[in-house]
Amino acid sequence: MAMTAKFPHLRQDFAASLVVFLVALPLCVGVAVASGVPAELGLVTGIVGGIVTGLMRGSSLQVSGPAAGLTVLVFEAVQEFGLPVLGVIVLATGVLQILMGTLRLGRWFRAISVSVVEGMLAGIGLVLIAGQLYAMTDAKAPASGLGKIAGLPGALADAARNAEALASLGLGVATIAVLVLWKRMPAKVRTVPGPLAAVGLATLAGLAFSLPVATVEVRGLLDSVQPPSFTAFGELANIGVLATIVAFTLIASAESLFSAAAVDRLHDGPRTAYDKELVAQGAGNALCGVLGALPMTAVIVRSAANVQAGARTKASRVMHGVWLLLFAALLPGALAHIPIPALAGILVYSGAKLIPVREIVSLWREHRGEALILVVTAVSIVAVSMFEGVLIGLALAVAKTAWEASHLKLEVVDKGAGPVQAYLSGNATFLRLPKILDSLESLPQDRPVELDLSGLHHLDHACRTALENWAERHSAVGTEPVRVTTP
């Protein structure tokens with residue numbers, strides 16, 4: 001009775017924590033395997049996200065852990081710099097997030113163009129799907145995003161001629177089918193989370209039929225945790241490592257804070273304190289870096305499951321971290337029975353959910369410029385890399401905003417006699433300079449002109465200089481000098 005009085009929502013939070021644990025378990029393992037690191041490191045990140053970040057202030061109901069959105073970037077970092085350097089990258093990412101949160105920069109992440117963020121997630125989703133389809137056929141994926149997509153037909157054709165690869169592909173496809181159909185199951189059946197059901201059924205099928213498929217390699221929790229050595233910190237002088245840290249920081253922070261905004265719409269409880277949430281994410285990532293684990297973000301799938309399961313306080317996410325810790329400590333051998341194609345199937349499904357097909361169609365109808373930014377960002381990530389793709393998207397968003405901000409209207413009044421009157425209103429920037437000069441140079445050369453600039457809100461130096469030069473040229477050939485009314 002006293003426990004209930006002190007923790008009035010303990011029952012709801014306890015039940016929700018079990019649901020989140022069952023959702024998080026296969027995702028933590030799947031993200032780790034897809035990232036090219038030991039499966040246990042995914043559990044370590046989930047544990048830190050639950051117990052450490054979960055205890056901190058920020059967002060009360062969103063749940064953190066390893067995310068599919070960073071899988072591609074982590075895999076590339078591990079392949080290029082090695083697993084020991086990953087800890088340094090994640091630690092530096094956490095320190096930067098703590099610094100940004102302390103400087104109250106968290107709220108500014110909400111100013112990032114939604115189209116860029118959705119394009120980033122779509123690009124990640126495309127590369128993730130392509131890469132995990134290779135894992136489903138037990139084949140090695142090409143290094144580049146375009147190579148992955150271009151090589152898929154050949155990889156699937158090869159799998160069709162190989163019995164073992166076909167069995168692996170079939171198990172992965174069956175896993176995706178379970179995830180797609182699970183939402184149509186009766187409510188009592190759906191008390192078991194879809195990802196857990198899909199992996200559980202795939203594991204049972206693999207054991208029952210002795211399917212020749214690859215399973216998760218188990219190393220043990222303590223053996224997998226390898227803090228970065230002092231020599232690994234020397235890689236901070238590497239420009240590539242620094243660029244990767246910036247990419248980790250921007251993407252992890254943006255994904256976490258966008259997730260927080262989405263979770264806030266799902267419940268009526270306390271709203272997210274964005275700067276404090278950024279500090280909490282940074283603390284979690286710093287500890288994950290010290291442990292040599294995967295980076296973390298807030299994950300909308302787990303967070304939504306937490307809210308929908310009836311969680312009321314942060315206790316649910318902390319307890320989910322405790323359940324992950326107990327599983328990793330007491331039942332690590334269970335991981336060895338999980339088929340890798342099943343985990344790949346879960347990530348293919350997760351990757352597909354990152355591609356906002358409906359949003360693209362809606363944007364194309366209403367805001368084609370935003371739709372173009374989304375598509376270009378996604379394609380750039382696939383064609384070039386994550387970091388460059390996001391930079392291209394941000395540059396496009398800034399250029400689009402600058403173009404729209406430089407709205408300019410030119411009105412010409414010619415009564416047939418007397419001077420021609422030209423009125424400029426709006427914002428005259430260099431972006432609109434060609435249009436301004438084309439319109440002014442089309443005015444009659446043999447008539448006096450009165451140019452009224454009093455309606456301008458902004459006149460940049462390039463436009464002012466160009467207008468002065470035009471006025472001098474027109475005055476030289478005209479009958480009277482141009483009369484200019486300035487703001």
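**Loops, a surface patch and a bent helix**

Mentor: R104 lies in the loop between α5 (83–102) and α6 (114–136). Please keep in mind that this is a predicted model.

Trainee: What is the phi of R104?

Mentor: The phi of R104 is positive, about 60°, although the residue is not a glycine.

Trainee: And S210, where is that found?

Mentor: S210 is in the loop between α9 (194–208) and α10 (221–224). S210 also has a positive phi, of about 50°, and is not a glycine.

Trainee: Is S210 buried or exposed?

Mentor: S210 counts as exposed, because its relative accessibility is 60% and the cut-off for exposed is over 50%.

Trainee: Back to the loop between α5 and α6: where does W108 sit, in terms of exposure?

Mentor: W108 belongs to that loop and is exposed, with a relative accessible area of 59%. Together with L96, L99, L103 and L105, W108 makes a nonpolar surface patch of about 500 Å².

Trainee: Changing topic to α7: what should its 16 residues span?

Mentor: Helix α7, residues 145–160, should span 22 Å, at 1.5 Å a residue. Its end C-alpha atoms are 23 Å apart, which agrees.

Trainee: Where does α7 bend?

Mentor: The bend, of about 45°, is at L152, and a proline, P153, follows within four residues.

Trainee: Which residues of α7 are buried?

Mentor: The buried residues are G145, K148, L152, A155 and A159.

Trainee: What do the buried residues pack against?

Mentor: They pack against α6, α8 (163–182) and α17 (368–383).

Note on methods: Residues are numbered from 1 along each chain as its sequence is written. This is a predicted model: local features need pLDDT of at least 70, side-chain atom pairs count only at pLDDT 80 or more; totals for chains, interfaces and linings use all residues. Side-chain values use heavy atoms; hydrogens and water are left out. Helices (H or I, at least four residues) and strands (E, at least two) are DSSP runs, numbered from the N terminus. Buried means under 20% relative accessible area, exposed over 50%, partly exposed in between (1.4 Å probe, protein chains only). Patches are made of residues with over 30% relative accessible area and no salt bridge: like charges are joined within 9 Å, nonpolar side chains (Val, Leu, Ile, Met, Phe, Trp, Tyr) within 5 Å. Accessible areas come from the Shrake-Rupley method with a 1.4 Å probe; for residues, only the protein chains shown count as cover. A salt bridge is a side-chain nitrogen of Lys or Arg within 4 Å of a carboxyl oxygen of Asp or Glu. The expected span of a helix is 1.5 Å times one less than its number of residues. The bend at a residue is the angle between axes fitted to the seven residues ending there and the seven starting there. Contact means heavy atoms within 4.5 Å.
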